[in-house]
Amino acid sequence: MSDSQPAASTAHEGGFRPDLAISTKRGGPHYADFNEEVRTLMDKVRYACPSDELALDAIATLRDLNAKLDEYLVDEWTTPAGTRVDLPARGNITLPPYEISAAGPDGVVATVWFRPYHLGGNGVAHGGQVAVAFDDLGGMASAVAVNGVCRTAFLKVNYRSLTPLNTPLQMRTRVDRRDGRKMFVAGTLHDGDRLCADIESLFIELKPGQA
Ligand SMILES: CCCCCCCC/C=C\CCCCCCCC(=O)SCCNC(=O)CCNC(=O)[C@H](O)C(C)(C)COP(=O)(O)OP(=O)(O)OC[C@H]1O[C@@H](n2cnc3c(N)ncnc32)[C@H](O)[C@@H]1OP(=O)(O)O
């Protein structure tokens with residue numbers, strides 16, 4: 001585990017963040033390429049069987065890069081990862097990449113794709129990665145419905161058929177029913193006409209200041 005620590009968090013009132021000021025400038029004009037290279041690195045690492053010589057070379061290179069990045073760490077509220085709404089999955093490389101085509105009262109529609117590093121087994125996506133995509137886009141559907149941040153109370157994923165890698169897939173999430181702070185969110189993941197997975201989930205609207 002790295003001993004590098006993120007910079008101290010800025011003070012905030014609780015909840016996810018004091019303001020939702022979104023900037024597409026954070027991380028500079030090449031942040032998208034930076035993200036893409038990191039995702040490509042993870043793709044390679046997932047399948048690479050390096051010689052020991054190459055492993056040592058890669059370790060030295062990555063140590064050098066990590067030391068450079070240590071000079072540029074910021075807190076979670078100002079990092080570009082998660083707030084670059086112009087990039088796939090808001091620039092958050094820990095999420096499967098997606099692009100949103102609609103977000104409103106009728107829910108969220110996105111194209112999501114799983115990369116080589118999302119491999120579960122036998123050439124298809126890991127179920128946990130499918131759940132990550134549903135969690136984020138289900139959270140987004142509920143966030144849009146209440147115009148605020150929600151947290152997942154439960155998320156049940158029904159895996160109906162295999163989810164391919166490297167294929168543009170359609171994910172839809174919508175608040176089916178609202179009961180006060182409770183948002184019952186439904187969602188589907190399709191490969192063309194084929195249903196890969198669907199969800200039954202509950203997201204709770206956070207109270208002011210709630211973490
Ligand atoms: C950053 C954005 C910048 C860019 C902005 C662009 C816009 C994008 C916007 C957004 C996209 C981002 C989307 C991200 C989405 C990710 C979401 C997550 O992964 S969250 C992490 C996983 N979840 C947890 O860690 C929760 C842990 N649990 C808790 O914190 C609490 O249990 C919580 C908040 C869920 C509820 O606690 P209580 O104290 O507030 O409320 P109580 O009273 O317990 O529950 C309220 C009602 O819900 C029911 N309830 C709660 N949990 C339930 C359960 N598991 N099953 C059934 N009912 C449940 C209860 O019975 C109660 O119902 P009755 O009001 O009595 O009718």
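I will start with the ligand: of the residues in the shell around it, H3 gives the largest share, 5 residues, where helices (H or I, at least four residues) and strands (E, at least two) are DSSP runs numbered from the N terminus. This is a predicted model, in which local features need pLDDT of at least 70, side-chain atom pairs count only at pLDDT 80 or more, and totals for chains, interfaces and linings use all residues. Residues are numbered from 1 along each chain as its sequence is written.

In total, 21 residues surround the ligand, and the closest are Gly-139, Met-140, Ala-143, Arg-151 and Ala-153; a residue counts as near if its C-beta atom, placed from the backbone, lies within 6 Å of the molecule. Besides H3, strand S5 (150–159) and S8 also give two or more residues to this shell.

Now to the core, which is a set of buried Ala, Val, Leu, Ile, Met, Phe, Trp, Tyr and Cys residues joined through C-beta atoms within 7 Å, buried meaning that 20 or more other C-beta atoms lie within 10 Å of a residue's own. The largest such core has 25 residues, of which Tyr-98, Ala-133, Leu-137 and Met-171 touch the most other members. H3 (127–146) is among the elements that each supply at least two residues of this core, and its 7 residues are the largest share.

After H3 comes Asn-147, with a positive phi near 55°.

Notes
Buried ≥ 20, exposed ≤ 12 C-beta atoms within 10 Å, placed from the backbone.
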